[in-house]
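Open the structure in a viewer and keep the selection tool at hand. The stops below go one selection at a time.

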Amino acid sequence: MEKVKTEKLSRNALSVLFSNLAKASEKQQKYELQESWSRLSENYRESTGDADFPDIREELVRSLAEDYPEIRKKAQSLSDRGVLRALVWGEKVTTIQKSLIDRYLSKGESLLEGKDIFICEACGFLYAGTETPALCPVCKAPSSRFSKIQVPAK
Amino acid sequence: MYASRNISLCTKDCLCLFVCPTGATDTENGQIDREKCIDGCRKCVDACPSHAISLVFEEYPEPIPGDADLSGMMLGLLQKKSSLEAAASALAGEKTDPGAVKLAEALRRSFRIVGEDCAREAGFLLPQCDPVRKLKEVLDLTDIGE
């Protein structure tokens, strides 16, 4: 796992870092600060690459086999329970992302006919179905933390 | 530290009105009056049976720094999640089948949330912490306050 220095972060990685700070500001009820970080996050946002679902799937499989075990080993040696928690959630969510792609690649459009995808805003867990889950199976957040995925207008 | 009510959790038992020494909790818009709220008093927070009131802090402690190598690895993972997000975003723009667009959009959102968690565990938890202050200097963003 390559160690990355802050100065080497890509623009989109900074966009993600900034949107996290916007969310933290909102929780602190500092709404002007939230607006500043949100605007910055949007300015740094990028939409790039020509990867299709199988390419994304392949990267998820690689990350589950290589990245997660390697970082976990390091976090265990340091007893960093915060990082270990993030790895538990991230690994489970990555497995779900991969399985959703697998199901779409095998069933095609019929997989999502008459169904919505719900996302847990706390950990990123995804669920394809007709009703909001009562509880997130990954992080145990309540149903109020779920959003329905809205498709952007073309 | 002043009190703040989450109106969607409030069950209107009004215990906060019973215990508030200044009347700050009794307002026409459901929000606690910050001008009247006593710094750190917290009587309404403890009295509320539905846990709808919490204290908003004005200062936060500096988070305990993690191991530099482990933080670097978490930034590496953030970098990968952000690349996946950018790819899913492009894919959502290119696809035309409704299921494919929805799946790509769901993945985009999910990669961002997991990436944000990596950023937090790499030390960028709060807007008011040293790693964020350093980053603001490097990127010339010092006009953003705390």
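Select chain A and follow the chain from the N terminus: the elements run α-α-α-α-α-β-β-β. That makes five helices and three strands. Keep in mind throughout that this is a predicted model.

Show the surface next: chain A has an accessible area of about 8100 Å², and carbon and sulfur atoms account for 49% of that. Colour by charge to find 25 positive and 23 negative side chains in chain A, with the centres of the two sets 7 Å apart. Among contacts in chain A between residues at least 6 apart in sequence, 46% join residues at least 24 apart.

Now select chain B. Along the sequence, its pattern reads β-α-α-β-α-α-α, which comes to five helices and two strands. Chain B is more spread out than a compact globule, because its radius of gyration is 22 Å, well over the 15 Å that the globule rule gives for 146 residues. Its C-alpha atoms fill a box of roughly 55 × 40 × 30 Å along the principal axes.

Staying on chain B, 48% of its 146 residues count as buried. The chain exposes about 7100 Å², with 53% supplied by carbon and sulfur atoms. Its 17 positive and 24 negative charges have mean positions 6 Å apart. For contacts in chain B with a separation of 6 or more, 59% are between residues 24 or more positions apart.

Next, look inside. In soluble globular proteins, nonpolar side chains tend to be buried together. Which residues touch the most other members of the largest nonpolar core? Select A:Phe18, A:Trp37, A:Ile71, A:Cys120 and A:Cys136: these have that place in a core of 49 residues. Elements of both chains each supply at least two residues of this core: from chain A, α1 (11-27), α2 (31-44), α4 (67-77), α5 (81-107) and β1 (116-120), and from chain B, α3 (68-94), α4 (98-121) and α5 (130-138). The helix α1(A) gives the most, with seven residues.

Zoom in on A:Ile71. Leaving aside neighbours within four places in sequence, A:Ile71 is in contact with A:Met1, A:Val83 and A:Leu87 in chain A, and with B:Leu70, B:Met73, B:Met74 and B:Leu77 in chain B.

Select B:Glu105, in helix α4 of chain B. Is B:Glu105 buried or exposed? B:Glu105 counts as buried because its relative accessibility is 8%, under the 20% cut-off. Not counting residues up to four places away in sequence, B:Glu105 touches A:Ile149, A:Gln150, A:Pro152 and B:Ala92.

Then move along helix α4 of chain B to B:Glu116. With a relative accessible area of 2%, B:Glu116 is buried. Show what surrounds the residue: beyond residues up to four places away in sequence, B:Glu116 touches A:Val16, A:Ser19, A:Asn20 and A:Lys23.

Technical notes. Residues numbered from 1 in each chain as written. Chains lettered and ligands numbered in written order. Predicted model: local features only at pLDDT ≥ 70, side-chain atom pairs only at ≥ 80, totals over all residues. Heavy atoms only, no water. Helix = DSSP H or I, 4+ residues; strand = E, 2+ residues; numbered from the N terminus. Rg over C-alpha atoms; globule rule 2.2 N^0.38 Å. Buried < 20%, exposed > 50% of the residue type's maximum accessible area, 1.4 Å probe, protein only. Contact = heavy atoms within 4.5 Å. Areas by Shrake-Rupley, 256 points an atom, 1.4 Å probe, with all protein chains shown as cover. Lys, Arg positive; Asp, Glu negative; His and termini not counted. Charge placed at Lys NZ, Arg CZ, Asp CG, Glu CD. Core = buried A, V, L, I, M, F, W, Y, C linked by side-chain atoms within 4.5 Å.
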